[in-house]
Amino acid sequence: MHEVDQMAIDGGIPSLQLMEQAGNALFEAFVQNVEKTEKIVIVCGGGNNGGDGYVLSRLLYAADYDVFIFPLETTKLSLETRMNRESCVVAGVPFIDIFEEATVLVDCVFGTGLDRDIQGTYKDVIEQMNASEKRIIAVDIPSGVDSATGKVLGVAVQAHETYTLQTGKIGLYIYPGRLHAGNVHILDIGIPEMYIQSIHPKTHLIAKKEMVDFLPDRFMHSNKADYGKVLCVGGSIHMSGAITMASLSALRSGAGMMTCAVPESVREVIATNVFESMIIPLSDVAGIIAPKAVDELQAQLDPYSVILVGCGIGRSEAVVDMVKMLLDSKKPLIIDADGLWAFRQIQDHYTDREHVILTPHPKEFADIMNITTKEVIDDFLYWGKKFMEKFPKATLVLKSETTLIFHKDEVWINTYGNNGLAKGGSGDVLAGCITGLYAQNEDAAKAAVLGVFLHAYAGDRVKKRKSVFSLLPTDVLKEIQQVLRKLEEHR
Ligand SMILES: NC(=O)C1=CN([C@@H]2O[C@H](COP(=O)(O)OP(=O)(O)OC[C@H]3O[C@@H](n4cnc5c(N)ncnc54)[C@H](OP(=O)(O)O)[C@@H]3O)[C@@H](O)[C@H]2O)[C@@H](O)CC1
Ligand SMILES: [K+]
């Protein structure tokens, strides 16, 4: 957003005017959402985020709000902020240095200019704000959250609401920043759209209304082969449900033809639950694929256009060899679950592999990257980009409460979904969904983005009717058809 501000300034909108526009937009939002009976304390830093706070306080004071300024920085002020501070002094807005009496705290300490860990008095005051149990409204981004990554730099304000200016900052949507932002409202501060569009951001927030454009085409004159010949490789005696759900999910997402390659001992499960699927029975040992299953499958691989490997497959040397053989085949491949465990061990041979989508959760991803899960959770964006440096032709679906999709130098952020999706089997439905879409459209990024959306949004729809406690991956599987139907209607 810094870039957009600068373009607007270079294009002739003075910085002081932008600050005034930001303050006005904030004032309008306050009039809508904050009662005049509240006692408002605006905590201002020395950068332009503080400047927004000074403009807001002046406008609220003129409108007879009970408002006070808590100046956290008094010496190192930007020019615009200094000028607006002077205006507040002239207008008679009261200054204080405590906030015990306040009922609403407004956080204007740091905005997009924060670039290092918060320490000293800043840290103390932010901790006091968080401990105060008062309603906290953050301006632009909760102070302490890195607006570009969502990382917390030392400490961060725990806001109930965030009024962000002109565009949603990435850090408001990615964990842990998302946990600090509360409800996010985007305020138009009048920066012309042409400035925003011209920077062509590489990071996209997934939006329902745009998902229609990600739908694969369906043709009047077509047959099942036009929508992909999918092969799902997986299943084991203890995990036969995973591949069942994944294959059904791929079919529900539009795949034309389905074949499941499963250990002989799982054949019956597929035969009785996935009527639309053909079956390749593989030799097995104790319910897991046997070493000779790799050659058996390789000999029959030719017809398939997209392959999913991993759901319920288990862990063994044969599984590693199976994943290796599928990677070597160069066919479009989705790797999930224990397929990722196998990938971890052979990854260095496949840094150049294209047409491959990996769908790890944080622990699986941490194992691939040889780091801890905590390191992943602290900075999803950083580690996702690190992965892409090593595997520049792959597509990464890094699953979490905010799933991120990495493809080339672009990132998509998904904020749909709910904690009812945190249940065994959810990942299988998602992997199947992505596979079904990839089978119809050779664009891995489009398949991954729409697949993540379909799965999460289907989960949100189910949540409207069912408790999050009871939500099952199979409920989501059934709901996919309703979400697709809605998208079709808007095509
Ligand atoms: N430009 C415009 O016209 C518009 C701007 N707008 C508003 O401005 C905000 C961005 O303003 P900004 O760039 O001044 O950054 P902001 O976060 O307020 O101040 C950071 C300053 O603090 C410092 N600093 C950094 N880290 C620190 C730390 N850990 N501990 C201590 N100090 C630290 C650092 O200075 P340094 O000490 O590095 O010299 C830096 O100068 C944006 O979020 C939006 O609210 C909008 O209204 C639209 C129009
Ligand atoms: K702030």
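Predicted model: local features only at pLDDT ≥ 70, side-chain atom pairs only at ≥ 80, totals over all residues.
The expected span of a helix is 1.5 Å times one less than its number of residues.

Select residues 240–252, the stretch that makes up helix 8. At 1.5 Å a residue, its 13 residues should span 18 Å, and the end C-alpha atoms lie 19 Å apart, which agrees. Of these 13 residues, 12 are buried, so helix 8 is largely enclosed by the rest of the structure; among the buried ones you can pick out Ser240, Ile243, Met245, Leu248 and Arg252. Continue past the end of helix 8 to Gly254, whose phi is positive, near 115°.

Next, select residues 48–62, which form helix 3. This helix has 15 residues and reaches 21 Å from its first C-alpha to its last, close to the 21 Å expected at 1.5 Å a residue. Because 13 of its 15 residues are buried, helix 3 is largely enclosed by the rest of the structure.

Finally, show helix 16 (residues 426–440) together with helix 18 (residues 473–489), which pack at an angle of about 25° with their axes 8 Å apart. Angles under 35 degrees count as roughly parallel, and helix 16 is therefore roughly parallel to helix 18. Their crossing is right-handed. To see the contact itself, display Ser426, Asp428, Val429 and Cys433 in helix 16, which meet Pro473, Val476, Leu477 and Ile480 in helix 18. The residues of this contact divide into 6 nonpolar, 1 polar and 1 charged.

Technical notes:
Residues numbered from 1 in each chain as written. Chains lettered and ligands numbered in written order. Axes fitted to C-alpha atoms, helices over the stretch in contact; angles between N-to-C directions. Helix = DSSP H or I, 4+ residues; strand = E, 2+ residues; numbered from the N terminus. Parallel < 35°, antiparallel > 145°, perpendicular 65-115°, else oblique. Left-handed = near helix turned anticlockwise from the far one by under 90°. Contact = placed C-beta atoms within 7 Å. Nonpolar A, V, L, I, M, F, W, Y, C, P; charged D, E, K, R; others polar. Buried ≥ 20, exposed ≤ 12 C-beta atoms within 10 Å, placed from the backbone.
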